[in-house]
Amino acid sequence: MNGESFLIPPRVSFINSSIDRFTEYIQPDETFDMIVLDPPWWNKYIRRVKAANSKAGYRMLTNADIKAIPLERHLHKNTLVVVWCTNAPSHIDAVLRDFFPKWGVELVACWYWVKVTSAGQPVCKFNEPQQKQPYERLFIGLPAGSTMAKSIPRERFLYSVPSAIHSHKPPLYDLFTSKYLPPEATCLELFARSLYPRCTSYGMEVLKLQNKRLYELAMEDEDGKTGGRVAFE
């Protein structure tokens, strides 16, 4: 497409569109076992970067824009709702006081993604509130009365070396299906930048991390022919 090649995993669905057209593409009666959001939070720094270079950054959303997404229509009694959140107090407050109540879910856990160097050290110091931190939060919610609530650890720490690609988060599907969801669980990821089997990816950059230029060959057969496996650089 447009002179570029992309790697598409099996059993995926993807919609390349802005979130304000969500109801046009996601059927009102379609429910998911897990819904993941990595919102483009309103950020003054990103706003300045975008003002200086119209091609940099991304279209940020206000808290009201995110709250308006009608996720409540796509939940069943045990749907996990997972939201990546920055450390900004206003964003944390919005998830807990606005988004979750509107979507009809209750907070059951807050996990932390700790960003480390290849030597296993935090990428920066743990600082005072409202300063840059080496971690981000994962808020996890379930509909009220869900039978799964007690099975989700209230707190957990995930460690990985962050990608050089802006806002590239660790994949969560295998983590949750290995312990908390059925093996063939369906997932909806909003503001996605990649594709994953059995998941529906929605956003303006759904193929960004599927570009073949980001991968290198992982194996060849005895005749030197390329195999089907690739590894993300």
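**Core and salt bridges**

Author: This is a predicted model. The largest nonpolar core has 33 residues, and Phe 22, Leu 37, Ile 69, Phe 100, Trp 103 and Leu 190 touch the most other members.

Reader: Which strands and helix each supply at least two residues of this core?

Author: Strand 2 (32-37), strand 3 (75-85), helix 4 (89-103), strand 4 (105-115), strand 5 (135-143) and strand 7 (187-190) each do. The largest share comes from helix 4, with six residues.

Reader: What is Ile 69 in contact with, leaving aside neighbours within four places in sequence?

Author: Ile 19, Phe 22, Leu 37, Lys 102, Trp 103, Leu 190 and Phe 191. Another core lies apart from the largest one. That other core has 23 residues, including Met 34, Ala 109, Ile 152 and Cys 199.

Reader: Switching to charges. How many salt bridges in the whole structure?

Author: A search finds twelve. One of them pairs Glu 184 with Arg 11, with the closest N and O atoms 3.5 Å apart.

Reader: Is Glu 184 buried or exposed? And Arg 11?

Author: Glu 184 is exposed, at 52% relative accessible area. Arg 11 also counts as exposed, at 53%.

Reader: Next pair. Where do Lys 169 and Asp 38 sit?

Author: Their side chains meet in a salt bridge, 3.1 Å from N to O. Lys 169 is in the loop between strand 6 (157-160) and helix 5, and Asp 38 is in the loop between strand 2 and helix 2 (44-52). The two are 131 residues apart.

Reader: Is Lys 169 buried or exposed? What about Asp 38?

Author: Lys 169 counts as buried, because its 13% relative accessibility is under the 20% cut-off. Asp 38 is buried too, at 8%.

Reader: What about Glu 136 and Lys 115?

Author: Their side chains form a salt bridge at 2.8 Å, N to O. Glu 136 lies in strand 5 and Lys 115 in strand 4, so this pair ties together parts 21 residues apart in sequence. Glu 136 is buried at 14%, and Lys 115 counts as buried at 16%.

Technical notes: Residues are numbered from 1 along each chain as its sequence is written. This is a predicted model: local features need pLDDT of at least 70, side-chain atom pairs count only at pLDDT 80 or more; totals for chains, interfaces and linings use all residues. Side-chain values use heavy atoms; hydrogens and water are left out. A nonpolar core is a set of buried Ala, Val, Leu, Ile, Met, Phe, Trp, Tyr and Cys residues joined through side-chain atoms within 4.5 Å. Buried means under 20% relative accessible area, exposed over 50%, partly exposed in between (1.4 Å probe, protein chains only). Helices (H or I, at least four residues) and strands (E, at least two) are DSSP runs, numbered from the N terminus. Contact means heavy atoms within 4.5 Å. A salt bridge is a side-chain nitrogen of Lys or Arg within 4 Å of a carboxyl oxygen of Asp or Glu.
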